[in-house]
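Welcome, and let us walk through this protein together.

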Amino acid sequence: MKKTLLGGLMMAVAMLSGFTTMAQNKLVINADQGKTQISRHIYGHFSEHLGRCIYGGIWVGPDSEIENINGYRTDVFEALKALDIPNLRWPGGCFADEYHWTDGIGPRSERPKMINTHWGGVTEDNSFGTHEFFGFVEMLDTEPYITGNVGSGSVEEMSKWVEYINFDGVSPMADLRKKNGREEPWQIKYWGVGNESWGCGGNMTPEYYANEYRRYATFARDYPGAKLYKIAGGANSTDYNWTEVLMQKIPLHMMDAMSLHYYTIPGNWRDKGSSTDFDKEEYLTTLQKAAFMDQLLTNHETRMDKYDPNKRVKLIVDEWGTWYDVEPNTNPGFLYQQNTLRDAFVAAITLNIFNQHADRVHMANLAQTVNVLQALILTEDEKMLLTPTYHVFDLYKPHMDATLLPSYLTSDKVKAGDTEMDALNVSSSLSDDGTVNISIANVDPENAIDLEVFLHGTDAKEVTGRYLTAPALNSHNSFDDNDVVSIEAFDDFKWNKDVLDVKVPAKSVIVLRVK
Ligand code: AHR
């Protein structure tokens, strides 16, 4: 967590004002010193043509026996609607750089079939295309984020897709859109220029990609009422050179943001580890790797600050989350994995970190929405379940568009084998109505923690709480029992004069709201 000078000063003030016998676990929040808005887009999502994310997860087609609204699964739609998701990224991922958008328009029965070479070599029948994607985001009332094809596409192809989607007038692409049943343009904003161009998107060098970006971005036109927010394909994890070169070689006025991908893998790429079968040390190693996001962002931000001290170019972590070995007896190309209380902590820690970096991080997209990697939702035929990760996004909703509050935390440590980390992880924000939102994760599997919260700069006193815990670190929901890990009301706190004493249960995520 960023430990600010201000935070240190606040802690000193707290000590001088009588708290000389400091307990270990203290949180100081100054509610009148927030400056930065936490963009709601930090709570964004990602849906790729991969495994059963789109087909079976979101889209079953209008003729399916599974309950659907015009082809979209009703249960999945309702769950995402309830979460108020701010955006949805599509169509990939690696798939984006082999996707030719014209294959996915016009009558579904006439659309060409292709091989999804990245993901299991299965047949892609293109029945979910541009119109189907926008139909879904319109139902959800969420912002679309499209990633265009740089790797195997052309400048002309991308330029025409933008015209098809955004131009309101007479033109070949606008006319084609109208012929396909959509009169009004969708007028979208978020546009990614390629995906992982250092890898599956074309194995380019940063210098080569920077030049390609300049060409593609030039012809991805702004149309009246539809100015694009252009996102350059950013670094893989700790490839700081990629960030440095893009900042140097791309004129800053040509990009609004650059992306960053970072996955939390307990083991290594060959032997990633099981989603449900892990010991305490592997659990803590996973969380420590998730917590590395803080340092990772700082390191990329330092490079960006050199060229853009005013932080105009934003960071978009458009792929993050856990990546384990696939579940036994499932297609290795489908990246289907279970999701336990451990994943809830990865989400809680990561979202706290994004909140703390809100001055540079404008958007983030969990990989992925349904049935892939750290999913919000899993489905099996007509059944579906909400994962612990879904519940963390639900708990953290109050942070969306709220103002980040500077905070300073001291925490007990938790240790297993060679791995040691802070047991507590927090972030706090101020909503427009004056409510202070405090999200607290206690990753210690055994010990509850007595936390003293010093809340300055507000008269708010009325506290409500919700929390997530479960019997075991690997507890998860199943298609037969969706309530093993679910949100409950939390009230184990009390005011002691001006200090809020909170008993944070072992292995729990809490969100307190102080009004
Ligand atoms: O999310 C799965 C894959 O991970 C994406 O397609 C790719 O961009 C990344 O390597």
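A salt bridge here is a side-chain nitrogen of Lys or Arg within 4 Å of a carboxyl oxygen of Asp or Glu. Before going further, note that this is a predicted model, in which local features need pLDDT of at least 70 and side-chain atom pairs count only at pLDDT 80 or more, while totals for chains, interfaces and linings use all residues. Residues are numbered from 1 along each chain as its sequence is written, and side-chain values use heavy atoms, with hydrogens and water left out.

Aspartate 305 is partly exposed at 28% relative accessibility, and lysine 311 is partly exposed at 21%. For these labels, buried means under 20% relative accessible area, exposed means over 50%, and partly exposed lies in between (1.4 Å probe, protein chains only).

The structure holds 22 salt bridges. One of them pairs aspartate 84 with arginine 40, with the closest N and O atoms 3.6 Å apart. Aspartate 84 sits in the loop between helix 2 (74-83) and strand 5 (87-90), and arginine 40 in the loop between strand 1 (26-30) and strand 2 (44-46), so this pair ties together parts that are 44 residues apart in sequence. Both ends are partly exposed, aspartate 84 with a relative accessible area of 37% and arginine 40 with 24%.

Lysine 306 and glutamate 244 form another salt bridge, their closest N and O atoms being 2.5 Å apart. Here lysine 306 belongs to helix 9 (residues 293-307) and glutamate 244 to helix 7 (residues 240-249), so the contact ties together parts that are 62 residues apart in sequence. Lysine 306 is exposed at 57%, whereas glutamate 244 is buried at 15%.

Now step back to the whole chain. The protein has 11 helices and 27 strands; these are DSSP runs numbered from the N terminus, with helices (H or I) of at least four residues and strands (E) of at least two. Its C-alpha trace spans about 75 × 50 × 45 Å along the principal axes. The radius of gyration is 23 Å, which agrees with the value near 24 Å that a compact globule of 515 residues would have; the radius is taken over C-alpha atoms, and the globule rule is 2.2 Å times the number of residues to the power 0.38. Of the 515 residues, 60% are buried.

Most residues other than glycine have a negative phi, and most peptide bonds are trans. Tryptophan 90 and proline 91, however, are joined by a cis peptide bond with omega of about 5°. The bond from glycine 92 to glycine 93 is also cis, with omega near 15°. Proline 91 lies in the loop between strand 5 and strand 6 (114-116), and glycine 93 is found in the loop between strand 5 and strand 6.

Which residues have a positive phi? Serine 237 has one of about 45°, and aspartate 381 has one near 50°. Serine 237 is in the loop between strand 10 (229-236) and helix 7 and is buried at 17%. Aspartate 381 occupies the loop between strand 14 (377-380) and strand 15 (383-386) and is exposed at 57%.
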